[in-house]
Each structure stands twice: as C-alpha cells, then as structure tokens.
Amino acid sequence: MDNKNDFKPYIPADKIVPEFTVTSVLIGCILAIVFGAANAYLGLLVGMTISASIPAAVISMGIIRVILRRDSILENNLVQTIGSAGESLAAGAIFTLPALFLWAEEGKIEFPSILTIFLIALFGGILGVCFMVPLRQALIIEEHGTLPFPEGTACAEVLLAGEEGGSKAGSVFKGLGIAAVYKFVADGFGVFPSEIGYAFKGFAGSQIGIQVLPSLAGVGFICGPKISSYMLAGGTLSWFVLMPAIALFGGDATIFPATDPISSMAPGDLWNNYIKYIGAGAVAAGGVISLIKTFPLIIRTFKQAMKSMSKKHASTNVLRTQEDLPMPLLLVMILVIVVLIWLVPTFPVNPIGALIIVIFGFFFASVSSRMVGLIGSSNNPVSGMAIATLIIATLLLKLTGSDGTTGMVGAIAIGGIICIVAAIAGDTSQDLKTGFIVGATPKKQQIGEMLGVVVSAAAIGFVLYLLNEAWGYGTDKIPAAQATMMKLLVEGIMDANLPWALILIGVCVAIVAEILQVPVMPFAVGMYLPFSLSAGIMAGGAVRFIVEKIKGSDEEKKERTDRGVLFTSGLIAGEGIMGIVLAILAVAGVDSVIKLKASLPQFASLIIFILLLFYLYRTCMKKEK
C-alpha cells in the first residue's frame, strides 16, 4: 500500500468530474432500500449481514456504463456510498428493534409505530455519519498505508477495474435472478420443500436437516469454510449433545421455562424452550469477550480521535479531495438530535441521559471506524458494543426510576441508536477510504451517506412490520437471534425472571470456546440457530473450500473467489427481495392460494440444492473471455 506522502488519487484533486448527479442519487437510493430490505431479512434469518458496497458498485457500473453508455468512476462511487448505507442501517436495526415486536406479541407493550422505528434509525444513522467526519483526517489520510480498510480498498479496486464492470454486474444480476426464481418456486408455489430433516428415533432430542436456500449457500461462500465450520460446530453441540442430554435426563419432568413434560417435546420444542437461552448466553458472552479483547485498541483509538479533533488545520485553500462537511453544521445537527432524544417520549431520558447517549455514540463510532480499518467490517464487534450499552443503559434507567416496560423500551431504543451509530460509522469509514483512493469529494460522500440513511430509515420500519406480520420474530422462519438475546438481557436486569442457569451454561460454553481459541461469535450464533441453517451455510463454505484448493496462481484463485463473491452477493440479494415479496403475499392472505397442494419429496430438494451449488462452482471456475 502506498505511503500517505506519495499517494496520488485516481482522479486528481484539481479535476472536476460528474459525481453527485441525479443518476447516482436515484440509483443509490434504490439500492439503499433494496439492500437494506434484503439484509434485514438475511440478518433476522441467519444472524449476520453482507457488505453491499461491491455489489452496489458493480450494479452501478453495469447501469451507467452499459445502459447509459458513459464512464464515471465518481458517480459509481457515490452510488455504492448511498447504497451501502441501507445495508449498514439494517444491520444495526435488526440486532435490537425486533425485541420491541417480541414484547408486543407477549402483550407487554404496544407495537412500535413506524415513526418510532424511523426516529431510532434516523438518529443513529445521522450521528454515525457526523461522528465519522472529524475522524476522517486521522484514520483515512494520516494512517493511509497503516490501516488497510479491506472492504473499502477492495471496492476501490473494483471501481478502478471499471472496464470489467459490465461482466461483473452480470454476475450479480444472474445470481439475483436465479435466487429470486428459486425462492418463489420453493416457498411461493411450494414445488419442493426449502427445508428437509430427519429426527432420529433411537437418539431422542436430535434432528439432522438442511435448509436448501440460495442465501445460505451465499453466506457460507462469502464467510468461507472456517467461519461456516465454526457455525456448524455450534449447531452440532446444541442439536446432537445438549438437546439429547436434556431429553435423556429430563424424562417426564416439567422444567422451567417450559410448561410441558420434556418427554412430550419434539426437537423443535427443546430448541425453543431451552437451547434459545443457552445460545443467547453464549452470544452475549461472545460479544463481551470480543469487546474485552479489543479494549486496548478501543482506548488507543479514542485517544487518537480526541487528538485529531483538537488539531487545527491552518490551510485556507482546501482541495476538493479534502472538503468535509463543516464542523459548525455537524455540531448543530448533533445538538438537535440530543434535544429530540430528550423530548421524544420513546426515549425516557433527561438531558443528561441524552448527552450520555451522544458520548457513548461518539466513543463507539471511533472504535468501530478504526476496527473496520484494521480487521474489516465482518469482524466489527457491533453486537458486543450494543450489549455493553444495553447493560449500562438498563441499569441507569432502573436506578433513575424508569423501570418496568418503560425502562425496557427505553433501553432497547438507546441500544438501537448506539448499534446503528457503530454500524454506520464503520460503513462510512470504508466508503470514505474508497473515495480517498479513487479521488472522490469527501463532503459529497458524507451528504450521500446521510441521504442513504434517510431513505433506509424511512423504509426499515415497513420491512420489520412486514416480516413480523408474515412469519413472526423468534420463530424458525425468522429466529432474530441477536434481538432475542438483547430482549432477554434487558428483561433479566429489569425483573430477574430469566432461567439464569441456562444462560450461564451458554456463557461457560463461550468461555471454553475462547480457551480453545475457537472464534466465539460464529460458534455461539451456530449454537443459537437451528442446525438446518448452519448446514446450509456450511454447504456454501464447502464450495469455496474446493474452489480455493484447486491448483492455480494466486491471481487465478483471487479471480475465482471474486466471481463467486459477486454471484453469491446476487443470490443473497435476490432471495432477500423475494422474501419481502412473499411476506407481502402472506400479509395479503394470498400465499396459500398460489401454493400447490402437493410438492416434490425431500430427496428432490437435496438434488436441486446440489445443482445450485454445482452452478456456483462452475461460475467460480469459468474464465473471463
């Protein structure tokens, strides 16, 4: 990587080219909504999301270069900046806000309004962008050559290879179309079951199965075989060790929190009544462990952030590539949000409490920005930051008299803002790194990021309502792993009515995994999720393992993987979009009308999924002409 002193951006600072245009804004806003909705569905299903920057960039290049027949690298960069904001905001929202729906289903509170969800998402998103602006000089420029920013640099490479944009965009669109048709045929028409399984009669409590969905294969390929295998290991522990042990030793006993005898429970009931709590304890412990491990880095980052803010840059002739949103405007926006948090009833805090939210937000924004620069967005411990915030916020609210349901809703709202702040700050830093390499105008990117936040925040409430209305959170269709865990955590602090023994088992399992140097978060998420989900993800990871093991130069292997990542990004987006369409049909009550009365046997589902995996393999191995 070039040193900051001799680095030259692709588009020189003194050259003016189209950037913030009607075309880039329109395409970016559409992709922000599309990828936001798709990632909301995916994250609630499997507990993780994908980065939308590169898919958005290649789609933009396909449209602007192939259809509109013009070259504009900075327009494409602005499209991915706006579009990726939707994915990041969705990632922050789904970790916390579904907890409000779960409480509403239990009759504890009213369902959150669209306005409430919009304000939480908007406040978190805008604060995330505002906090990243003063950090740009320190993290993007001063540490160029030190912080790699993996996704931001990779996206810049894709943009710089713009002459290949048409074929790359074709890979994304191909995956999108295949996954959309596949999902509709399987879950819309019901031609073949999307989940197959078998419960062992001689091994009570266990059940093997796999969900044959394109998105799972896509997640597995993008995460790679190691992460996929950790998730599968967690699922194996839950479904083939813990659940059979509960069935074996429980017998006819009725053990809290279940209300039925263990002997009468199917594997799914055991998972719902016991494993969820054990998995939640493991996920919470994993988040805290990741936060503790990065604590020295957190302190160092925060010190650097404060130091960079105190610097005064004397230069009056600011180059285009150094223009940021003015600090007075940012301070006004932050002050307005502080006042609104204080005044809006959703947040039961006084002015001091609102100020604390902003201080926590800046702290975690600076942490998140540096973390993604060092180890990438996928390893950013956003959930760990949200857990720490929830614990402190819930305790403070309880101590100040905001207890019961009011305090619980307030804690989730505060945690939601912080979670979104961290996610958006990380995304903004990656986008600004891409812009720094290609020669974009930071000020225009920052405005674009805020635009993406606004349209995504306006859409996310409707998406969350759709998914809950269609399938319900906390079910096998939409497990909502992190949000369920956040809900349990807040409840446990507020009224101590949780099965703490089960949660502590999960905590201890996470500690054992850490001692054995197994990445705790993927292992813990695998424990929480149904085994069939982890098995589907492992199938995609296995394809990537095969692709990477086949002989070839490093450049050839990278090209194979890149083709696979683009195609599987399309698979994930396509299924996510079709998932939203099917949710609309379910809410409208017409899903049963289009579903066939009979479907193919489970064996046929497995063959169809294997064919999809083989097509993924062929796509990776196909050489560009």
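**Surface, cysteines and aromatic pairs**

Me: What relative accessibility makes L396 count as partly exposed?

Reply: This is a predicted model, in which local features need pLDDT of at least 70, side-chain atom pairs count only at pLDDT 80 or more, and totals for chains, interfaces and linings use all residues. Residues are numbered from 1 along each chain as its sequence is written, and side-chain values use heavy atoms, leaving out hydrogens and water. A residue is buried under 20% relative accessible area, exposed over 50% and partly exposed in between, with a 1.4 Å probe and protein chains only. L396 counts as partly exposed because its relative accessibility is 40%.

Me: Which element gives the most to the nonpolar patch?

Reply: I352, I356, I392, L396 and L399 make a nonpolar surface patch of about 470 Å²; such a patch joins nonpolar side chains (Val, Leu, Ile, Met, Phe, Trp, Tyr) within 5 Å, or like charges within 9 Å, among residues with over 30% relative accessible area and no salt bridge. A salt bridge here is a side-chain nitrogen of Lys or Arg within 4 Å of a carboxyl oxygen of Asp or Glu. Two or more residues come from each of α14 (351-375) and α15 (382-399), helices being DSSP runs of H or I with at least four residues, numbered from the N terminus. With three residues, the element that gives the most is α15.

Me: How many disulfides does the count come to?

Reply: A disulfide requires a pair of cysteine sulfur atoms within 2.5 Å. The sulfur of C29 is too far for a bond, because the closest cysteine sulfur, in C155, is 17 Å away. C130 is likewise in no disulfide, its nearest cysteine sulfur being that of C29 at 18 Å. By this rule the count is zero.

Me: What relative accessible area does C130 have?

Reply: C29 counts as buried at 14% relative accessibility. C130 is also buried, with a relative accessible area of 2%.

Me: How many residues of α5 are buried?

Reply: Helix α5 (residues 114-132) reaches 27 Å from its first C-alpha to its last, close to the 27 Å expected, a span defined as 1.5 Å times one less than the number of residues. The helix is mostly covered. Of its 19 residues, the number buried is 16.

Me: What distance separates the C-alpha atoms of G107 and I289?

Reply: G107 lies in the loop between α4 (98-105) and α5, and G107 is exposed, with a relative accessible area of 60%. G107 and I289 are 182 residues apart along the chain. Their C-alpha atoms are separated by 34 Å.

Me: Why are F360 and F364 separated by about one helical turn?

Reply: Rings of Phe, Tyr and Trp (its six-membered ring) pair if their centres lie within 6.5 Å, and planes under 30 degrees apart count as stacked, over 60 as edge-to-face and the rest as tilted. F360 is partly exposed at 23% relative accessibility, whereas F364 is buried at 4%. The separation is about one helical turn because F360 and F364 are four residues apart in helix α14.

Me: Which helix holds Y615?

Reply: F567 and Y615 form a tilted pair, 5.7 Å centre to centre with 55 degrees between the planes. F567 is buried at 0% relative accessible area, whereas Y615 is partly exposed at 35%. The pair ties together parts that are 48 residues apart in sequence, because F567 lies in helix α22 (residues 554-588) and Y615 in helix α24.

Methods
Accessible areas come from the Shrake-Rupley method with a 1.4 Å probe; for residues, only the protein chains shown count as cover.
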